[in-house]
Amino acid sequence: IKGNDLIIMDLRHFLMCLSLCTAFALSKPTEKKDRVHHEPQLSDKVHNDAQSFDYDHDAFLGAEEAKTFDQLTPEESKERLGKIVSKIDGDKDGFVTVDELKDWIKFAQKRWIYEDVERQWKGHDLNEDGLVSWEEYKNATYGYVLDDPDPDDGFNYKQMMVRDERRFKMADKDGDLIATKEEFTAFLHPEEYDYMKDIVVQETMEDIDKNADGFIDLEEYIGDMYSHDGNADEPEWVKTEREQFVEFRDKNRDGKMDKEETKDWILPSDYDHAEAEARHLVYESDQNKDGKLTKEEIVDKYDLFVGSQATDFGEALVRHDEF
């Protein structure tokens with residue numbers, strides 16, 4: 001089987017699984033679809049430094065990485081922490097700022113996104129020039145499907161391709177239809193980028209707005225997350241969602257959500273836990289109180305950041321290098 005055949009088979013398999021999962025979810029009367037994009041919690045531990053620094057370790061490294069922190073001596077912890085500090089110092093000025101620390105924490109919390117991008121990058125950068133053009137992506141993803149005017153599964157791949165092209169163009173800041181890895185990441189995970197939020201809202205509205213009037217009314221809002229499936233009685237959470245729509249979603253009380261109201265719903269301005277944790281780490285480690293950290297200040301407080309525990313920093317550093 002050729003490479004493109006495999007990609008198309010994977011795509012069809014994914015879409016089939018997605019449709020089956022959706023159908024299964026909608027068949028359950030108490031199942032709820034959540035379209036809201038929340039920032040992830042940094043840790044499920046209690047944030048109380050008087051008891052332990054476990055929360056800070058999860059925040060700084062990611063919970064999965066922090067789980068493996070059991071075998072290093074303090075000396076080894078300090079040495080590896082020093083290496084990771086060099087990676088956090090993006091402008092290489094010898095200081096770690098709150099913003100640099102915040103960026104690292106967000107990276108540590110969302111490694112799965114970069115792993116997904118790396119996997120897909122290898123399948124789409126066909127000429128291995130370190131870039132992915134729209135033509136490369138289209139040919140790798142849709143090439144064989146588009147040659148078949150009547151696919152067996154009946155899925156409208158051309159409509160899906162048009163939607164992908166629109167999103168690709170939005171992610172491509174310089175308009176050359178060639179994506180850098182950062183732009184490709186924005187294309188695959190638009191909810192992570194401020195400049196892509198309008199396309200997230202547009203795609204969501206198109207999914208829910210069944211009568212295509214440019215708005216989401218109450219029944220479309222409820223219908224997206226709940227299927228009556230012949231049941232007359234709605235679960236309590238559905239009744240609550242109806243109240244939420246009237247009281248909070250539809251801010252101007254015109255009976256429907258427009259673009260801005262939809263944006264407020266699916267992309268709420270959550271409390272920035274990463275920034276709060278970055279400020280906390282700086283405050284606790286900043287010995288000369290200049291508002292930024294040297295490598296020495298961080299290593300001196302190694303127990304706050306990593307403790308006397310082990311992790312595979314090597315893999316984390318390689319990943320961070322790639323982005």
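Biologist: Which helices each supply at least two residues of the lining of the second largest pocket?

Modeller: In this predicted model, α4 (74-88), α5 (98-109), α6, α9 and α13 each supply at least two residues of that lining.

Biologist: And which of the helices gives the most to the lining?

Modeller: That is α5, with seven residues.

Biologist: What is the volume of the second largest pocket, and which residues lie nearest its centre?

Modeller: Its volume is about 1100 Å³. The lining comprises 36 residues, and E39, K106, K110, E192 and Y193 lie nearest the centre.

Biologist: Take F184. What does F184 touch, beyond residues up to four places away in sequence?

Modeller: With those set aside, F184 touches V117, Q120, W121, H124, V132, Y137 and A179. Y137 is also among the residues with the most contacts inside the largest core.

Biologist: Which residues does the second, separate core include?

Modeller: That core has 26 residues, including A59, L281, V282 and L304.

Biologist: Back to α11. Which residues in α11 are buried?

Modeller: The buried residues there are E220, Y221, I222, D224 and M225. At the start of α11, a side-chain oxygen of D217 comes within 3.2 Å of the backbone nitrogen of E219.

Biologist: Why does I222 count as buried?

Modeller: I222 counts as buried because its relative accessible area is 2%, and the cut-off is under 20%.

Biologist: What does I222 touch, not counting residues up to four places away in sequence?

Modeller: I222 touches V238, E241 and R242. As for I208, which is 14 residues away along the chain, its C-alpha atom is separated from that of I222 by 9.4 Å.

Biologist: Now a strand residue. Where does S133 lie, and is S133 buried or exposed?

Modeller: S133 lies in strand β1, which spans residues 132-133. S133 counts as buried because its relative accessibility is 17%.

Biologist: With which residues is S133 in contact, leaving aside neighbours within four places in sequence?

Modeller: S133 is in contact with F168, L177 and I178.

Biologist: On annotation: where does UniProt place the feature "domain: EF-hand"?

Modeller: The UniProt record, an unreviewed entry, places that feature at residues 76-111, 112-147, 159-194, 196-231 and 273-308.

Biologist: What percentage of the chain is helix and strand over residues 76-111, and over residues 159-194?

Modeller: Over residues 76-111 the chain is 72% helix and 0% strand, with the end C-alpha atoms 24 Å apart. Over residues 159-194 the values are 58% helix and 6% strand, and the end C-alpha atoms are 25 Å apart.

Biologist: Finally, the whole chain. How many helices and strands are there, and what percentage of the residues is buried?

Modeller: The chain has 17 helices and four strands. Buried residues account for 40% of its 323 residues. Of the contacts with a separation of 6 or more, 65% join residues 24 or more positions apart.

Note on methods. Residues numbered from 1 in each chain as written. Predicted model: local features only at pLDDT ≥ 70, side-chain atom pairs only at ≥ 80, totals over all residues. Heavy atoms only, no water. Core = buried A, V, L, I, M, F, W, Y, C linked by side-chain atoms within 4.5 Å. Buried < 20%, exposed > 50% of the residue type's maximum accessible area, 1.4 Å probe, protein only. Contact = heavy atoms within 4.5 Å. UniProt positions renumbered as here; feature names shortened; annotations may be inferred. Polar contact = N/O pair within 3.5 Å; in protein donor to acceptor, adjacent residues only side chain to side chain. 1 Å grid on protein atoms, 1.4 Å probe; cavity = no way out; pocket = protein on both sides within 12 Å on 5 of 7 lines; lining within 4 Å. Points joined across faces, edges and corners; volume = space filled by probe spheres on them.
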